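Here is a short tour of side-chain contacts. Start with the view below, then follow the text from one contact to the next.

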Amino acid sequence: MNVELDALNEALKAVSSLRSCVGNFFLSLSQGVRSEHGEDHRETKYILELQDLVAEISSNMRKVEQTCSNIPLPPDGQINLGNTAHLAHETTQDRQALYSELVGSYKWTDKLHEISNITFGFLAQNVMKRSYNSYLNSSGMNAKRRRLTPSCHNMSISSVEGVITAIDRQYQDMNVNVYRPHPSNCHNLQIQVSLGRILRAVISFRGMMIEWVKVKAYNEEFQTDSGQLGQLDLWTNSRHHVFRKITENANAAMLHFYSPTLPDLAVRSFMTWLHSFRSLFTDTCRRCGNHLLCAMPPTWRDFRTLEAFHEDCKP
Amino acid sequence: MGVTILLSYPVPENKTGPQTAELLIKRIGALGAVQSGQFLVDCETFSSGPTMGGPPRTVHVLHNSEQPAAVFALLESPGPPPKTVPLVADGLFDLLMLKMSSIYASKKQTRMEARGTRFEIADFLVKIGTVTMSSNFKGVLVEVEYRPCFIAGNCWELMREFMQSFLGSVVQNTPPPYFQVHNRLNDVYQPLDTIQQYLDHFASYRKVAGL
């Protein structure tokens, strides 16, 4: 595989040097006779220069042909799919091209398999997920893991409401309205939080776990068009770039503060983090000292110290 | 409607008004702004005739292309005490004023307008316009709006930094005089505040002797 790559790289380099030679030639041609050619015999010198460039182009062309012939072809040229090769012996050639299509689709699925293996390796490095099954378990471990499975989405509705009212009381400038979209399903809860006169957010809970956060400006509404009472529009993005960015950061914070063993601490920490946005327009970035970077205020709050940073300044 | 600051940019000695506007447009383009149309703010002044009795009162009728369905009218009654009564109405108000031409006469030669291009950059809206009074150039006005915030006191520092980045030292370190009265820094900002700022600037341009 490496030999093929080297040969390919050589060929690509040769092609790019050929292209730059041709480019130089056309540049010289467009500039015509220049002052550098001196006073005497200007045209002769110019023609000599052009001839040099043409000679360089032809030598680069030979090099390109040589390196291209060095690239090894894939072995056997064609993939052999066993008995299906007989499909290619169809008498009327234009009736079907089934075998060649078969070969094409086989190559495609092969490549897909290879790429998805590599992707799985990349995605498995991301620990920001909260699913309760690990696909790499052997079946013997399942029983033990199930006992330790976190069940913070199964808590009683009164404890969830207790935490929320405590947070409401704790922060003076943060008001919380509770909505219950499915009265029969006691585990789903949505709250609308308004922070000062800066922003409004809807947070959707599943038991004690925060599932969905959307942040908008204070004067943007979360009502659905149909006007059904008690229904919040959770999905429309804010009109402003600032609040779209803060929604992304809030989703990151929600994942960061997720803790299956201490669910109410998770919710409290998230609310404290959200509360730090009351100084969104007045704070300067801790690193660069400015209010604005690319016309955006500091939209990142550090998870531990709650310091304000611009998106590009965050440590 | 976000907080809007209106600033009069002084035209340097060796340049004309349109050249100054071009210079500002180049600067804002260098910051990455995208042009998004034209804007027009115009002001027509009507003054009451002798049939009304009492001292003459003026009505300024303004239109802003940012609020195309609205007509703003400001009645200045000299006193005592002198007060300004604002009104926001829909387009039919223009026709109403036409009907009242016997009571309120329009002074056509004092019609002022600010016209120019508007630019958008992130959540900012910048309008650079030239002010003309009956085709005579009067000055260059720059309007900067920060859409997410509608409390002036919250975002004054942020807006000052933004404006200084392309206007330079023309921008003062204190909020403009419009915001320093009546606790306007902590009030919810309305489109009428923009119109009142325009009116203040138009009035100062009218006082300057013909350019």
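Phe281(A) is buried, with a relative accessible area of 2%. The model shown is a predicted one. A search over all chains gives 14 aromatic pairs. Phe281(A) takes part in one of them, with Tyr146(B) as its partner. The geometry is edge-to-face: the centres are 5.5 Å apart and the planes stand at 90°. This pair crosses between chains. Phe281(A) sits in the loop between H7 and S5 of chain A, while Tyr146(B) belongs to strand S9 of chain B.

**Around Tyr146(B)**

Is Tyr146(B) buried or exposed? Tyr146(B) counts as buried, at 0% relative accessibility. Tyr146(B) also pairs with Phe124(B). Here the rings are tilted, with 4.6 Å from centre to centre and 40° between the planes. The two residues come from distant parts of the chain. Phe124(B) lies in strand S8 (residues 124-133) and Tyr146(B) in strand S9, 22 residues apart. Phe124(B) is buried too, with a relative accessible area of 0%.

**Rings in chain A, and charges over rings**

Ring pairs also build a cluster in chain A. Its members are Phe257(A), Phe270(A), Trp273(A), Phe277(A), Trp300(A) and Phe303(A). Trp300(A) has a further contact: Lys314(A) lies over its face, 4.3 Å from the ring centre.

**Salt bridges**

Side chains of opposite charge can pair when their charged atoms come close. How many salt bridges are there over all chains? The count comes to 15. The table lists some of them.

| Residue | Partner | Closest N and O atoms |
|---|---|---|
| Arg301(A) | Asp283(A) | 4.0 Å |
| Glu113(B) | Arg111(B) | 3.1 Å |
| Glu120(B) | Arg147(B) | 3.7 Å |

Take the bridge between Arg301(A) and Asp283(A). Arg301(A) lies in strand S5 (residues 300-301), and Asp283(A) in the loop between helix H7 (263-275) and S5, so the pair ties together parts that are 18 residues apart in sequence. Arg301(A) is buried, at a relative accessible area of 0%. Asp283(A) is partly exposed, at 27%.

In chain B, Glu113(B) bridges to Arg111(B). Glu113(B) counts as buried at 15% relative accessibility, because buried means under 20%. Arg111(B) is partly exposed, with a relative accessible area of 28%.

The bridge between Glu120(B) and Arg147(B) is also in chain B. Why does this pair tie together parts that are 27 residues apart in sequence? Glu120(B) lies in strand S7 (residues 112-121), whereas Arg147(B) lies in the loop between strand S9 (136-146) and helix H3 (152-167). Glu120(B) is partly exposed, with a relative accessible area of 29%. Arg147(B) is partly exposed as well, with 23%.

Some bridges share partners. They join Asp42(B), Glu44(B), Arg111(B), Glu113(B) and Arg115(B) into one network.

**Cysteines**

Cys43(B) counts as buried, at 0%.

How values were computed. Residues numbered from 1 in each chain as written. Chains lettered and ligands numbered in written order. Predicted model: local features only at pLDDT ≥ 70, side-chain atom pairs only at ≥ 80, totals over all residues. Heavy atoms only, no water. Salt bridge = Lys/Arg side-chain N within 4 Å of Asp/Glu carboxyl O. Helix = DSSP H or I, 4+ residues; strand = E, 2+ residues; numbered from the N terminus. Buried < 20%, exposed > 50% of the residue type's maximum accessible area, 1.4 Å probe, protein only. Phe/Tyr/Trp six-rings, centres within 6.5 Å; stacked < 30°, edge-to-face > 60°. Lys NZ or Arg CZ within 6 Å of the ring centre and 35° of its normal.
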